[in-house]
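Subject: Structure handover

Hello,

Here is the structure I promised to pass on. Please open it first, then read my notes below.

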Amino acid sequence: MKTLLLGAAAAALLHITPTVVLMKREQAVARLLPGAEQFVQRDLHLSSADSKRIHDAVGWEPPDGVITFYVGKHQEQATGALLFMRVDCQHGPLELAIGYDARGAIRGVEVTKATVEMKPWVLESLRAGLTDSYRGLTTQQAPSGAEKVKPHVGSMPGYMAELIDKGVMHANAAYRLFYR
């Protein structure tokens, strides 16, 4: 009971609103892994050395120590991979789907979940073309979608764009360091 009260108090202090689905995961998979007829889930349980590697690379590591790749296949050939990435902030969590083509370049990024409070900010940054800037980006390149849309959006949508950049950066590091 005490834990429940502490959790409610923390949520009230952080003013986190309920999470809403902006795009179903199935839709994100279909959009980001086109042509795939088979899907394989590949869980990578990080060792402490691997956790340190990714932390040293981008200042992040998966909270549960697992990175899950979803690999799309067509006639037994990999057509690409996808990661779902969670980014937390004081307004709640965002969930992104980052899809990579067979060469390892970003095919696309979709925002799949946000909180009720964040939804209008996220949608404004998306309408400004945020995710367009990620297409074709290699895992070695730093995402810079936020700097492109910030002159065209308000401060909170700009902040959401920064968080989405951060999620793409984390996914790129995970893909670069552990996918192959």
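Start with Asp88. Its relative accessible area is 47%, so Asp88 is partly exposed. Its side chain forms a salt bridge with Arg86, with 2.8 Å from N to O. Arg86 counts as exposed, because its relative accessibility is 53% and the cut-off for exposed is over 50%.

One caution before going on. This is a predicted model. The average pLDDT of the chain is 92. At least 70 is reached by 92% of the residues. Strand 6 (residues 106-115) has the highest mean pLDDT, 98. Helix 1 (residues 2-14) has the lowest, 56. Where pLDDT is low, the predicted coordinates should not be read in detail.

Salt bridges

The count is eight salt bridges. Besides the Arg86 and Asp88 pair, two are worth a look.

Lys150 and Glu162 meet through their side chains, at 2.1 Å from N to O. Lys150 sits in the loop between helix 5 and helix 6, and Glu162 in helix 6, so this pair ties together parts that are 12 residues apart in sequence. Lys150 is partly exposed, at 37% relative accessible area. Glu162 is also partly exposed, at 35%.

Asp50 pairs with Arg53, and their closest N and O atoms are 3.8 Å apart. Both residues lie in helix 3. They are three residues apart, about one turn of the helix. Arg53 has a relative accessible area of 40%, so Arg53 is partly exposed.

Nonpolar cores

In soluble globular proteins, nonpolar side chains tend to be buried together. Here the largest nonpolar core has 39 residues. Ile54, Leu94 and Ile98 touch the most other members. The largest share comes from helix 6, with 10 residues.

Which residues does Ile98 touch, not counting those up to four places away in sequence? They are Leu32, Ala81, Leu82, Leu83, Met85, Ile106, Gly108, Val109, Gly167, Val168 and Ala171.

There is also a second, separate core of nine residues. Val29, Leu32, Leu33 and Ala97 are included in it.

The largest pocket

The volume of the largest pocket is about 430 Å³. It is lined by 18 residues. The closest to its centre are Trp60, Pro63, Phe84, Met85 and Arg86. Strand 3, strand 4 and helix 6 each give two or more residues to the lining. Strand 4 gives the most, with six residues.

A buried threonine

Where is Thr79? It is in strand 4. Is Thr79 buried or exposed? Thr79 is buried, because its relative accessible area is 18% and the cut-off for buried is under 20%. Leaving aside neighbours within four places in sequence, Thr79 is in contact with Pro34, Ala36, Gly72, Lys73, His74, Tyr100, Asp101, Ala102 and Arg107.

Over to you.

How values were computed
Residues numbered from 1 in each chain as written. Predicted model: local features only at pLDDT ≥ 70, side-chain atom pairs only at ≥ 80, totals over all residues. Heavy atoms only, no water. pLDDT = per-residue confidence, 0-100. Helix = DSSP H or I, 4+ residues; strand = E, 2+ residues; numbered from the N terminus. Core = buried A, V, L, I, M, F, W, Y, C linked by side-chain atoms within 4.5 Å. Buried < 20%, exposed > 50% of the residue type's maximum accessible area, 1.4 Å probe, protein only. Contact = heavy atoms within 4.5 Å. Salt bridge = Lys/Arg side-chain N within 4 Å of Asp/Glu carboxyl O. 1 Å grid on protein atoms, 1.4 Å probe; cavity = no way out; pocket = protein on both sides within 12 Å on 5 of 7 lines; lining within 4 Å. Points joined across faces, edges and corners; volume = space filled by probe spheres on them.
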